[in-house]
Structure formats: structure tokens, C-alpha cells
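Reader: I would like to learn how to read a structure like this one, feature by feature. Could you walk me through it?

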Amino acid sequence: MSNSVTKCLEGVQIAGPTPGFDVVIVGAGFAGMYMLHRARLLGLRVCAIEKATDVGGVWYWNRYPGARCDVESLQYSYSFSEELQQEWHWSERFAAQPEILTYASHVADRFDLRRDIRFSTGVTEAHYDEAAALWQLQTDQGESLTTRFCIMATGCLSNARTPPLPGLDDFTGKTYHTGEWPHEGVDFSGQRVGVIGTGSSGLQAIPMLAAQAKELVVFQRTPNFSLPARNAPMDEAYEKAWKAQYPQKRQKAREETLSGVLYDRSSLKAHESSAEDRQNEYERRWAGGGINFMHSFNDLMQNMSSNETAADFVRAKIRATVHKPEVADLLAPKDHPIGSKRICVDSNYYATYNRENVTLVDLRAAPIVSITPTGLQTADQHYQLDSLVFATGYDAMTGALLKMNITGRHGKSLADCWQEGPRTYLGLAIAGFPNMFTITGPGSPSVLSNMIFAIEQHVDWIVDCLSHLRVQNITSIEADAQAQDAWVEHVNHVADQTLFPLANSWYMGANVPGKPRVFMPYAGGVGPYRQKCDDVAAKGYEGFHLQALPAHAPL
Ligand code: FAD
Ligand code: N01
């Protein structure tokens, strides 16, 4: 393909470089898949590039036992096609990973997506060629692609992180990371298994591993708050009621909620109820299961004293469930407000510690010294292990983007621009990086919300933007640096009104040594955020520079 040809588009002669694609999407999880579908409907020359051998993103990679969603499946699913949401049947309240992956595959089949996805291909570099106004991408398959627009659908939780523990390479047993689980599954029967990490992944996997392994040793650095899922087979009447009102319910979730999920959000502050009423309310929601508990009162994430009432309730539940008081005490979180780290949802997590074959090790009291050829050495004991499972999480939100060696105008790297933390305009675009969009990028509600909704909102906005550019013959769009500064300031200001910054969470980058401590998602809620994005578009893409570059082909 020539980069300097003359092209005839809609009867207009345009001199200048022609990209191989109008749009290249990196990633084929739920974000990349929907973006591909919509870009094709616009008639654009588009392809997606995906490291994995198939679609699904996190649901492709996270095949560990117990992996499932914790937003109800009737809500954690695409809403863009009424036919799709009517025809699909979820077998459980919270679907397990295999079913979610089957759903992703069904979507790929239904909309014939795979023909425009290059699988088993990683993008290793993305460079903006200013003279040509094109993005040049390099892949690990030795290909070089050019595209007018580059859309990063690389995921917030796609860059699995294994801590570089001394001696790890010498371990003679097997190691696994929950986010890169073998496709063929793992049989732990008869084994002594260690798990490092007690976040959402660890909490889901631990009960399943305990049921299979001969012995399970859980290495916990920080306990997390977890709520019972009360997962169950899908209730037929419930599903029918949802499907009868899907469009209305989806619209309400989109426009009127903070999280993009229809929870039963109380209109009361915690201290507006008596202690007895509060307890009853917590009990009712605990019995109902899931994250609805966090909506018992409307100030739990703003008011420390209100938050403590919920945290105390959960700590009491842990103590009531776990038989050994010293183990219960270790499992009860005390160092962060409930909800300030991503709340976990489990099935039988705390009760698992009543099993004879499960040991909890407190890494605060005796930190890991090294991995040895036969196990794990803490400051006070050696644990003999056949397998070691890392449930140690991700370099979240920025990791996958920074790994790609992105350079924008003037050859400036994204890593340099983000040295002190990510800076974006609306979480969608970055000053200095024209014609690049980030789906669920830092600075957008993303991980604080129903992510499929966050994805759909971003894709719809980007597609409207691309249509606008096409109609206006505009070749380049770039976030304005001042608009970006104002947005970053707003994101920080909103976060500071909440209890989120009080935790050492991955939201804050605190799980990766050396990563800047910045609260990365936007905590202002999906409804107000959507309104802001729509206003920006309605005002002719306020805060963006739009340019028609006569020497270059428009879309
Ligand atoms: P991903 O699914 O992460 O997909 C990104 C894709 O990009 C990946 O397939 C990756 O291989 C590919 N990629 C990345 N870099 C490159 C590169 N350089 N070159 C080529 N390909 C690349 N959210 C919820 O709202 N509710 C839930 O209940 C929920 N449960 C979750 C459970 C687990 C176990 C995990 C890990 C996350 C969960 N999430 C949940 C969050 C989840 O990240 C989102 O819901 C959603 O699946 C993200 O989709 P995505 O397409 O944006 O990203
Ligand atoms: O990762 P995490 P995750 N030594 O970062 C520990 C989504 N998700 O994969 O807290 C010892 O939360 C670390 O300890 P500490 C969801 O958004 C959703 O579990 O840093 N321990 C922590 O306990 C979630 O939030 C579902 O002290 C080390 C754990 O590893 C996100 O993905 C299911 C360590 C990591 O917890 C990430 O969850 C699964 C070290 N060197 C995932 N390094 C649903 O159900 C790390 N740890 C929806």
C-alpha cells in the first residue's frame, strides 16, 4: 500500500497520504467488539487487533475457577440491540466466566465480527506521523499498519501483574495468574496450593480451590470487604419482567444512576435512620446479596461515620461466620473505608476459612521473603507448595496503554506525558495525541460503573464524533490542553469529595510500586458524565481542536 497516492473520494480529488484503514481498534473485548460493529455500520475501513486467539477480553483471559461477574447478568450485557438482549438467556443471576465468554462469542457470530479482527496479534508501538496525519502501528507479527484514527479498546484490567518476588524463577512447582489462566483448566486435586492475593479474583477462586486442593494456604497482605453474592439460577419471572421492560430499564440505568446499574438506592443518609432501622436495612440487603448493600444509604461513600456503620456490620458478619476468632480478626478489614477499594462479592468466601484444609497467613506480621524451589518462605515460616496462584491483580487503567509505546505529536511519548499520572479530556482523548480515542480511559467513570454501559456510551460518542468529522470534512481532532487540565482538575475535585482516595487501591495506582498516586476513574457518576459528554458534542466538540487538513483524505 502506498502512503502517498492521490485518492478520489466522493468525487473530490484529495492529494496526500492514504491510510491503510480509517480506523484501527486495539483490543477485542466488549469495547473493541462493539466499536468494530459500529464503525462498520458507518461504512469505515476498519479492523481490530487482538492479542488473544478470540474475542471476549477479560472473559477470555480470566478462566480461573469461580470467575463470574458481580453486576447482575441481565444488566452486565450489551443494550445496543433489542433483539440480542431479548434472545439471550442467562442461566444464573451472576453468570460464570464460561457463559459470559459464550455470550461474547455469540455476539461475534451474530454480527459477523471475526472477519475484521486479527487475532494472536499484539500492537507493540503506535506512533502519530504528524506530517501524514496518520497513526502507524507496529505489531508483534512484524506488520506495520497505517490508520487515520486509532481507538484504544485495550481494557482497564488487562495487564496482569505478577510481583517480582525473589526466587520465583527457581520454583519447581507450577505458577498461575488468575488473569492468564490456562484454557485447559487446572486440576489441583491432591496438591498443596498457595494463593497470593485477596482481592475480587482471590476471593472468588479461594472457595473453589479449597474444595479441590489437599491443602490451601492463603497469603493475605490486606483483607478486603466482601458481600455475599447469593447467586442462584435465573428466576424465570424476574427475567421475563426485565425483558418486558428492557429499553426503559436500560435508559433509566444509563441516565439516572451513578453506576449504570439499577440498584435500590436509598434516599436516606445513614444517620437519618435509627441504629435499629439501620441494622435492619443492612440485614435486608445482606440477605438479598450483591452490591445493593452499598446503596443502603446514600452517603456511605462520602461520610466516614456513615461508612463505619456499614463497615462495622460487615466486620460483625465476618466474625459471626468464621469460627476461629483470630482468623476472623485477620479477615476483617480495618485500614480502609468499605467501598473505597473495589467491593468484592463472593460465594462462601469467609466460611471457607472454617475448613480444615485452609490456612490463612498474615503477610503483615510475616512478609514474604522469597519463593523457594519447593514453596514460599515468609519471615517466620516455610510453606511447602506444589502450585502457586497469583491473584495479584493488574497494572490497572494505564498499564495496557503505556505498554504499547505510544508517541504523539513531536514524538512525545505517552509515558512522558503521564509521568505524574494519567491526564485525559473526558477519559476519551489526550492532548498531543490527535485522532486517538481511549474507550473507558482514565478520567471516565469506567471501573466505577457497569462497564458494558460505560463502553457503549464511549463507543456511541466516538461514532457520533467520527460521523461529524466526516460530514464536516475534518481530518484531525485533538483534545485541547487547557480543556484537559480543567477536566483533570474536576476529576480530582470530585474524587476528593469522596472516601475513595483514603484507600491504597488500584484505583489510586497504589498496587504498583512507583506508580503515581492519582485517583484514576471519574467518580461523578455515569448520568452526569454522559450529560457532560453530550454537551461537549452539542457545542461542536467543545474543548477539542478540529482541523480540516486539505492535503489529507478525510474519512
Ligand atoms: P478487556 O476485556 O480487558 O479487553 C481488552 C482486550 O485488549 C484484551 O482482550 C487484550 O488482550 C487486548 N489488548 C490489550 N492490549 C493489547 C495490545 N497491545 N495489542 C492487542 N490487543 C491488546 N465489570 C463490570 O462492570 N461488572 C463485572 O461484574 C465485572 N467483572 C469482572 C470480572 C473480572 C474477573 C475482571 C478481570 C473484570 C471484571 N469487570 C467487570 C471489568 C471488565 O474489565 C469490564 O467489564 C469489561 O469486560 C472490559 O472490557 P474491555 O473490552 O474494555 O476490556
Ligand atoms: O486484583 P486486586 P484482583 N504480596 O488488585 C495482593 C475486577 N474483578 O484481580 O491489597 C502480597 O484487587 C493485594 O494485596 P494488597 C475488579 O474490578 C472483578 O483481585 O496490595 N500480596 C491484593 O490482595 C477488581 O477490583 C471481579 O495488600 C500482594 C491482591 O493481591 C479487579 O478486577 C472478579 C502482592 C490483588 O487484588 C482486580 O481484582 C475479579 C504482593 N507482592 C476481578 N501484590 C468480579 O467479581 C499484590 N498482592 C466482578
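Reader: Thanks! Where is the place of arginine 221?

Author: Happy to start there. Helices and strands are DSSP runs numbered from the N terminus, a helix (H or I) needing at least four residues and a strand (E) at least two. Arginine 221 sits in the loop between strand S11 (215-220) and strand S12 (226-228). A word on the source: this is a predicted model, in which local features need pLDDT of at least 70 and side-chain atom pairs count only at pLDDT 80 or more, while totals for chains, interfaces and linings use all residues. Residues are numbered from 1 along each chain as its sequence is written, chains are lettered from A and ligands numbered from 1 in the order in which they are written, and side-chain values use heavy atoms, with hydrogens and water left out.

Reader: Is arginine 221 buried or exposed?

Author: The general idea is a cut-off on relative accessible area: buried means under 20%, exposed over 50%, and partly exposed in between (1.4 Å probe, protein chains only). Arginine 221 has a relative accessible area of 55%, so arginine 221 is exposed.

Reader: Which residues does arginine 221 touch, not counting those up to four places away in sequence?

Author: Contact means heavy atoms within 4.5 Å. By that rule arginine 221 touches Leu363 and Arg364.

Reader: Now the whole chain, please. How many helices and strands are there?

Author: The chain has 16 helices and 22 strands. Its C-alpha atoms fill a box of roughly 80 × 55 × 45 Å along the principal axes.

Reader: What radius of gyration would a compact globule have with 555 residues?

Author: The radius is taken over C-alpha atoms, and the globule rule is 2.2 Å times the number of residues to the power 0.38. For 555 residues a compact globule would be near 24 Å, and the chain has 24 Å, which agrees. Buried residues make up 59% of the 555. Of the contacts with a separation of 6 or more, 72% come from residues 24 or more positions apart.

Reader: Could you show me a buried case from a strand, and one from a helix?

Author: Isoleucine 117 is in strand S5 (residues 117-118). Its relative accessible area is 8%, so isoleucine 117 is buried. Leaving aside neighbours within four places in sequence, isoleucine 117 is in contact with Ala28, Leu36, Ala48, Glu50 and Val55. For the helix, take serine 201 in helix H5 (residues 200-212). Serine 201 counts as buried at 15% relative accessibility, and beyond its neighbours within four places in sequence it is in contact with Tyr64, Thr178 and Ala391.

Reader: How many salt bridges does the count come to?

Author: A salt bridge is a side-chain nitrogen of Lys or Arg within 4 Å of a carboxyl oxygen of Asp or Glu. The count is 27. One of them joins glutamate 281 and arginine 285 at 2.8 Å, N to O. Both residues lie in helix H8 (residues 275-288), four residues apart, about one turn of the helix, and both are buried.

Reader: Which parts does the pair of lysine 515 and aspartate 395 tie together?

Author: Their side chains meet in a salt bridge of 2.6 Å, N to O. Lysine 515 lies in the loop between helix H15 (481-496) and helix H16 (526-538), and aspartate 395 in the loop between strand S18 (387-390) and helix H12 (399-402), so the pair ties together parts that are 120 residues apart in sequence. Lysine 515 and aspartate 395 are buried.

Reader: Which residues are linked in a network of salt bridges?

Author: Arg40, Asp112, Arg115 and Asp116 are linked in this way. Within it, arginine 115 and aspartate 116 have their closest N and O atoms 3.5 Å apart. Arginine 115 is exposed, with a relative accessible area of 56%.

Reader: Last one: what should I look for in phi?

Author: Most residues other than glycine have a negative phi. Histidine 410 has a positive phi of about 55°; histidine 410 lies in the loop between strand S19 (406-407) and helix H13 (414-417) and counts as exposed at 66% relative accessibility. Leucine 426 also has a positive phi, near 65°. Leucine 426 lies in the loop between H13 and strand S20 (436-438) and is buried, with a relative accessible area of 0%.
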